[in-house]
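User: I am new to this structure and would like to go through it step by step. Could you show it to me and then take my questions?

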Amino acid sequence: SVLGSGLQFAGRGRTWPLERVRNASVTEVILTPERFHLHSYNDARHAMPAPGGSDVISLVRHAESVANVEGRWHGRTDGPLSDLGSQQAKRFAASYSGMTRMFASPLERARRTAEAYARRHRLIACLEPDLVEIDFAAWEGMTTSEIEERFPEEWTTVFERGVDLPRGGSGETFAGAGRRMERIVSTLHKAHPEDHLAFFTHGGSIWAMVARVIGLGWPGFRSLGLPGNAGLTRIQFTTDGPRLVDYNLPLR
């Protein structure tokens, strides 16, 4: 299939790691002779009920932050939502239901997004440190152009040569973030088998976990788009391991 060849799944040692494409669903792909880029996958919210049950978990990227507006790399650096982000958090809360237990990164941008949902649905957002963003170490707080200028060799090695080095010299790798996320999500899913769990977290961390679930290594990172602000991604836990239900569904 186009998805299989484009994403180049590898290393999972199991069956197809994505749910089948649902009827009338929308999948957004940029496809050129040089590039395959999956932006969103299997959005059927307009056509059928959302997948439910305790075997499906939801990953929610925080709403727009001030750092997003400024183009700054905030991994473990804290910072507030923008005015638009505050509105997005409320819109997300009004758009989705069915989540029965919530966990959130303690960083303000994810915590505030989760709190908006918790208030509307009378839930408690439990803070979980392992849901934080990728650690960018020395790159924290910089713009992309500043990182390229100050760390040209590291930037080229990671983003042009496809070597998954610790970000900012002493931070986290993409693969490490994926392992961290899969570990904490799996642990909490097993601890609450009757609940539909929601995890309010960060774009890079969701990106890394989904790449791990489908078996996409760092050299192929450009094949998978970074989740958008207040975007929704769902993963189902099966006897054959986790599989991707849908990816980066935009805020409605």
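User: Which ring does the charged end of Arg167 sit over, and how many Å is it from the centre?

Analyst: This is a predicted model, in which local features need pLDDT of at least 70, side-chain atom pairs count only at pLDDT 80 or more, and totals for chains, interfaces and linings use all residues. Residues are numbered from 1 along each chain as its sequence is written, and side-chain values use heavy atoms, with hydrogens and water left out. A charge sits over a ring if NZ of Lys or CZ of Arg is within 6 Å of the ring centre and within 35 degrees of the ring normal. For the charged end of Arg167, the ring is that of Trp218, and the distance to its centre is 4.4 Å.

User: Which residues form one aromatic cluster with Trp218?

Analyst: Rings of Phe, Tyr and Trp (its six-membered ring) pair if their centres lie within 6.5 Å, with planes under 30 degrees apart counted as stacked, over 60 as edge-to-face and the rest as tilted. The cluster that contains Trp218 also holds Trp73, Phe136, Trp139, Trp155, Phe159, Phe174, Trp207 and Phe221.

User: How many aromatic pairs are found in the whole structure, and of what kind is the pair of Phe92 and Phe200?

Analyst: Searching the whole structure gives 19 aromatic pairs. The ring centres of Phe92 and Phe200 are 6.0 Å apart and their planes stand at 85°, so this pair is edge-to-face.

User: Why does the pair of Phe92 and Phe200 tie together parts that are apart in sequence?

Analyst: Helices (H or I, at least four residues) and strands (E, at least two) are DSSP runs, numbered from the N terminus. Both Phe92 and Phe200 are buried, where buried means under 20% relative accessible area, exposed over 50% and partly exposed in between (1.4 Å probe, protein chains only). Because Phe92 lies in helix H3 (residues 83-95) and Phe200 in strand S6 (residues 197-201), the parts that the pair ties together are 108 residues apart in sequence.

User: Is Ala230 buried or exposed?

Analyst: Ala230 lies in the loop between helix H8 (203-214) and strand S7 (232-238), and has a positive phi of about 60° although it is not a glycine. Its relative accessibility is 1%, so Ala230 counts as buried.

User: Which residues make polar contacts with the side chain of Asp246 through their own side chains?

Analyst: Asp246 is found in strand S8 (residues 241-249) and is buried, with a relative accessible area of 0%. A polar contact is a pair of N or O atoms within 3.5 Å; within protein, one must be able to donate a hydrogen and the other to accept it, and residues adjacent in sequence count only if both atoms are side-chain atoms. The side chain of Asp246 makes such contacts with the side chains of Arg22, at 3.3 Å, and Arg234, at 2.9 Å.

User: How many bridges join S7 to S8?

Analyst: Two strands pair if DSSP finds at least two bridges between them. S7 and S8 run antiparallel, and a hairpin joins them through two residues. The number of bridges between S7 and S8 is six.
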